[in-house]
Amino acid sequence: MSTATLTPRPQTEVSTPPRPKQPRHFDFNRITDEQFLEAAEHMHLDEEVRQLLLTPYRELIVQVPVRMDDGKLSMFHGFRVQHNGVRGPYKGGLRFHHQVDLGEVRSLAALMTWKTALVDIPFGGAKGGITCDPSKMSRAELQALTRGFTQKIDMALGVYRDIPAPDMNTNAQVMAWIMDEYGKKHGYTPAIVTGKPISLGGSLGREEATGRGTMIITREACKAFGVTLRGAAVAIQGFGNVGSWAARLLAREGARIVAVSDVHGGICSPEGLDIDAVTLHVKESGSVVDMPGTRAIDNDEILMLPVDVLIPAALGGVIHEDNAGDVRAKLVVEAGNSPVTPEADRVLRQRKARIVPDILVNAGGVTVSYFEWVQNLQQFRWSLEEVNTRLEERMMAAWRHVYEVHQTQKLPLRVAAYVVALERVSEATRQRY
Ligand code: NAD
């Protein structure tokens with residue numbers, strides 16, 4: 001969720017956005033299906049439930065034409081996938097990215113089903129995406145795109161049906177446009193999206209919630225696996241909403257953030273970066289690169305640093321079979337979705353590196369989204385302290401449950417997390433059918 005990408009910028013050239021189905025070096029669906037099946041095998045999950053949970057409930061592919069600033073009409077493709085709703089309304093973010101395709105959105109929707117079950121909130125899983133490059137679009141074009149997409153998927157949305165939220169390259173402003181567009185037809189409905197601006201009914205603490213959840217789980221994983229967080233070396237790939245908040249909150253716990261990066265490149269300082277100064281530099285320049293007093297590194301090198309904790313907080317599939325052998329971190333904490341492919345997972349397991357899985361690490365965002373939805377339905381605002389206390393309780397309960405399964409059943413943390421989530425979803429499924 002970044003604000004930088006949504007600031008208006010002069011439009012010099014409008015190119016036709018790429019069509020969906022871009023060639024990728026990995027397949028998102030395969031990642032989440034393999035992760036699901038490993039846990040399903042372990043639990044001896046019956047075939048009927050397996051098939052129900054492997055298949056999404058509903059997939060929408062829509063065409064969104066937008067009249068661009070230069071007067072030309074551009075055609076965009078948007079997706080909304082509702083994976084599973086047995087435990088409650090569909091819930092999941094909306095991503096703007098030039099590589100978004102149906103497979104990626106389908107896979108991210110499934111992750112949301114496991115995530116909401118793992119932190120035990122009454123939601124199912126969904127995800128949305130629009131294939132576009134927001135860095136090349138003006139604010140007016142992004143607004144038109146968001147409103148057009150909202151109209152096209154309106155029939156699948158609803159306060160008790162499907163509630164979008166921000167994800168990569170979308171933010172509170174995009175949620176405000178969705179709420180406003182939905183409201184034109186249905187009347188004032190703040191609970192239709194979460195991650196809204198505070199002035200429109202957003203929750204205190206939502207912006208930093210995913211980073212805060214990442215900090216809580218990193219802190220607990222460090223305790224469990226013998227890493228002293230105070231002074232521990234931490235590298236973070238991705239300095240957007242999740243990465244920057246995780247950096248700030250971990251630094252407050254005494255961790256040494258030795259490297260951070262964004263799409264333009266990375267910076268490194270063995271003594272530890274001043275995260276407030278880096279944040280200011282990003283605000284002024286749009287990137288972490290060229291931060292005075294730091295050494296430049298690239299986005300491959302940051303993954304190979306000899307650190308205690310590596311936090312991939314950007315794109316999926318960044319740790320794969322070709323580079324996993326070079327990852328030297330003791331703990332890999334997946335703040336982004338699907339950063340480690342199944343092949344890389346096996347390599348890291350052999351090397352005894354601990355991988356703390358995405359469905360646990362980044363569940364803080366959807367947890368506070370749930371709090372926002374509850375506050376909207378009650379027309380009652382909670383204090384920041386109340387939000388943070390309840391988030392801490394939920395994240396700790398999920399961590400304890402996963403860690404217990406990891407220890408008692410001798411399972412990797414990822415499989416343990418899936419087992420906890422799958423037990424809840426499969427139980428609800430059986431009771432419905
Ligand atoms: P964001 O758009 O705010 O930030 C993304 C960051 O990643 C930016 O710093 C960007 O420059 C960087 N980036 C993009 N491409 C990169 C590349 N190729 N190499 C290195 N860095 C790159 O997005 P966000 O909301 O922080 O989301 C980050 C990840 O966390 C995503 O995987 C998202 O699905 C996941 N996530 C986000 C939330 C949330 O509440 N925002 C919740 C759960 C999971």
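**Interface of domain 1 and domain 2**

**View 1. Buried area between the two domains.** Between them, domain 1 and domain 2 bury about 730 Å², with 64% of this area on carbon and sulfur atoms. On the domain 1 side, L111, K115 and L118 account for 52% of the area buried against domain 2, more than any other three residues. The model shown is predicted.

**View 2. Placement of the domains and their contacts.** The domain assignment of the protein places domain 1 at 58-200 and domain 2 at 209-361. Their C-alpha centres are 27 Å apart. Contact between the two involves 10 residues of domain 1 and 7 residues of domain 2.

**View 3. Polar and charged pairing across the interface.** The rule finds 0 salt bridges between domain 1 and domain 2. It finds 1 residue pair in polar contact across this interface, with both residues at pLDDT 80 or more.

**View 4. Elements on the domain 1 side.** Two elements, β3 (90-97) and α3 (102-118), each give two or more residues to the side of domain 1 that touches domain 2. Of the elements on this side, α3 gives the most, with 5 residues. By residue class, the side of domain 1 that touches domain 2 holds 5 nonpolar, 1 polar and 4 charged residues.

Note on methods
Residues are numbered from 1 along each chain as its sequence is written. This is a predicted model: local features need pLDDT of at least 70, side-chain atom pairs count only at pLDDT 80 or more; totals for chains, interfaces and linings use all residues. Side-chain values use heavy atoms; hydrogens and water are left out. Domain bounds come from an automatic or database domain assignment. Contact means heavy atoms within 4.5 Å. Buried area is the accessible area (1.4 Å probe) that two parts lose on being put together, summed over both. A salt bridge is a side-chain nitrogen of Lys or Arg within 4 Å of a carboxyl oxygen of Asp or Glu. A polar contact is a pair of N or O atoms within 3.5 Å; within protein, one must be able to donate a hydrogen and the other to accept it, and residues adjacent in sequence count only if both atoms are side-chain atoms. Helices (H or I, at least four residues) and strands (E, at least two) are DSSP runs, numbered from the N terminus. Ala, Val, Leu, Ile, Met, Phe, Trp, Tyr, Cys and Pro count as nonpolar, Asp, Glu, Lys and Arg as charged, and the others, Gly among them, as polar.
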